[in-house]
Amino acid sequence: MKNVSVVFYISVAILALLVLVGVTMPAKLENVTSNLQDSITNTFGWYYLIVVTLFVIVCLYLLVSPIGRIKLGKQEDKPEFSRPTWLAMLFSAGMGIGLVFYGTAEPISHYAISSPTGETGTDQAMKDAMRYTFFHWGIHAWAIYGIIALSLAYFTFRKGERSLISATLKPIIGKHADGVVGKIIDIIAVIATVIGVATTLGFGAVQINGGLSYLFNVPSNLMSQFLIVLVVTILFIVSALTGLGKGIKILSNANMILAFVLFLLTFILGPTLFTLNLFTDTIGTYLQNLINMSFRIAPLNEEHRTWINGWTIFYWAWWIAWSPFVGIFIARVSKGRTIREFVVCVLLIPSLIGFIWFATFGSAGMLLEHDGIASISKLATEESLFGVFANYPMGTTLSIIAIILIGTFFITSADSGTYVLGMMTTNGSQNPSNSVKVIWGVLLTIIALVLLYSGGLQALQNTMIIAALPFSIVMALMTVSLLKSLNKEAKEFGIGKLKKQNKKS
């Protein structure tokens, strides 16, 4: 196979071993990884909170700094995609299926099952539920993606390096980036990516199955989920073979149209005024409490600490583990943008879209529960959205749109994943061969199917959280490397001085 690196073979061997253990000893794997995950969240919770908040600070600094004028590419480079298509692509890869899966489920859980403040079922619990959902899916999550994507886009398109995680560390580790150390870093990134995408395939299959079961009494079992994964696999491999400019581009735009239609119908048919009021109120409390939430670790309250471990620390580790995949993909489609435009469109706009989404679907579920109309919190996570739609006019239509949307997000995530894995295992090739993409597509499907069969999805998620710890250190080094290189370039071109001279004149 053309340009395939040693990273490919070692990564496949490690993943094959993980799958073998998952099939032969699923309970043992889940037990070991669960204990290790608990140990990491208890011991390093403070570290996760600090490092992720630092990523946010760096992104905001680049937004307002004169450095923001630097282009991700040569001065004459133009963006490959229009801004709407670019936003659709990064949003589909970055959140996608998660928004549909958790749109109702997370706010209802914080409100009725386990509150961040320990108080469930009250008016205040409803506000807290929405505020913390914003926190988990907002600026902090996109800052994690942004740091990775920005580093890769800058070093690839501006500095001419290969599109590999290891290549962004050259200003710090020098020639070691091309040696054994660099290969180890890239292998960690590949494994995190495979685990993240395979878990998403599992989530998507379970939710599509849940929706079909809720609507049409389709059996909710492994056979149904196997068939769903196989159908989607065929579709995403066909899409992957058409290339970045066709398959992923078309699907990403279709995702945004479908998501907008679903959002608009839910917004109009649901408690519109209540949604607007809750959104406005919660945006205010989110911004007011952002610093407090960013560092909240509850050292003296075991109940609150358990909640923080299970939600906030879990999410920060989840986003970090996902970041190689999303970051590389966002970097690939961001050539020709300035750093300032990049930060606005990767950090702020997707966060705002996410807030509006969660306010609409979250308030709908919570109000039904609050008014005693439906017990959404008693439904399985994958059924909560469909439970809300069942209480609305056009409920079946909304549910069918949601299932189609999950399917297209599903295909886009897998499609993007095969593309990124192809890049990562062919020495950073911007256009990996079809044979490599097909191999990764098949491997992702096999891993997802085996894990569904063995009941190992939870173990895989635990493994992903564990992989996030070493990768967070890589991310911190990437941030230092990026700032070092940007400041050096700013001095060479007198970017800061130029701004001062303009002010004087």
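**Helix 2 against helix 15**

Helix 2 and helix 15 lie oblique to each other. The model is predicted. Helix 2 covers residues 26-64 and helix 15 covers residues 339-370. Their axes are 8 Å apart, and the packing angle is about 135°. An angle over 145 degrees would count as roughly antiparallel. The crossing of helix 2 and helix 15 is left-handed.

From helix 2, the contact draws on Cys-59, Leu-60, Leu-62, Leu-63 and Val-64. Helix 15 answers with Ile-339, Arg-340, Val-343, Val-344, Leu-347 and Leu-348. By class, this contact has 10 nonpolar residues, one charged and no polar.

**The bend in helix 2**

Helix 2 spans 49 Å between its end C-alpha atoms. A straight helix of 39 residues would span 57 Å at 1.5 Å a residue. Helix 2 bends at Phe-44, by about 70°.

**Helix 7 against helix 15**

Helix 7, residues 139-158, also packs with helix 15: the axes come within 8 Å and cross at roughly 150°. Helix 7 is therefore roughly antiparallel to helix 15. The crossing here is right-handed.

Helix 7 contributes Ile-139, Trp-142, Ala-143, Gly-146, Ala-149 and Leu-150. These meet Ile-339, Phe-342, Val-346, Leu-347, Pro-350 and Ser-351 in helix 15. The contact of helix 7 with helix 15 has 10 nonpolar and two polar residues, with no charged ones.

**Residues of helix 15 in both contacts**

Ile-339 and Leu-347 of helix 15 meet helix 2. Ile-339 and Leu-347 also meet helix 7.

Terms used
Residues numbered from 1 in each chain as written. Predicted model: local features only at pLDDT ≥ 70, side-chain atom pairs only at ≥ 80, totals over all residues. Heavy atoms only, no water. Axes fitted to C-alpha atoms, helices over the stretch in contact; angles between N-to-C directions. Helix = DSSP H or I, 4+ residues; strand = E, 2+ residues; numbered from the N terminus. Parallel < 35°, antiparallel > 145°, perpendicular 65-115°, else oblique. Left-handed = near helix turned anticlockwise from the far one by under 90°. Contact = heavy atoms within 4.5 Å. Nonpolar A, V, L, I, M, F, W, Y, C, P; charged D, E, K, R; others polar. Expected span 1.5 Å × (residues − 1). Bend = angle between axes of the 7 residues up to and from the residue.
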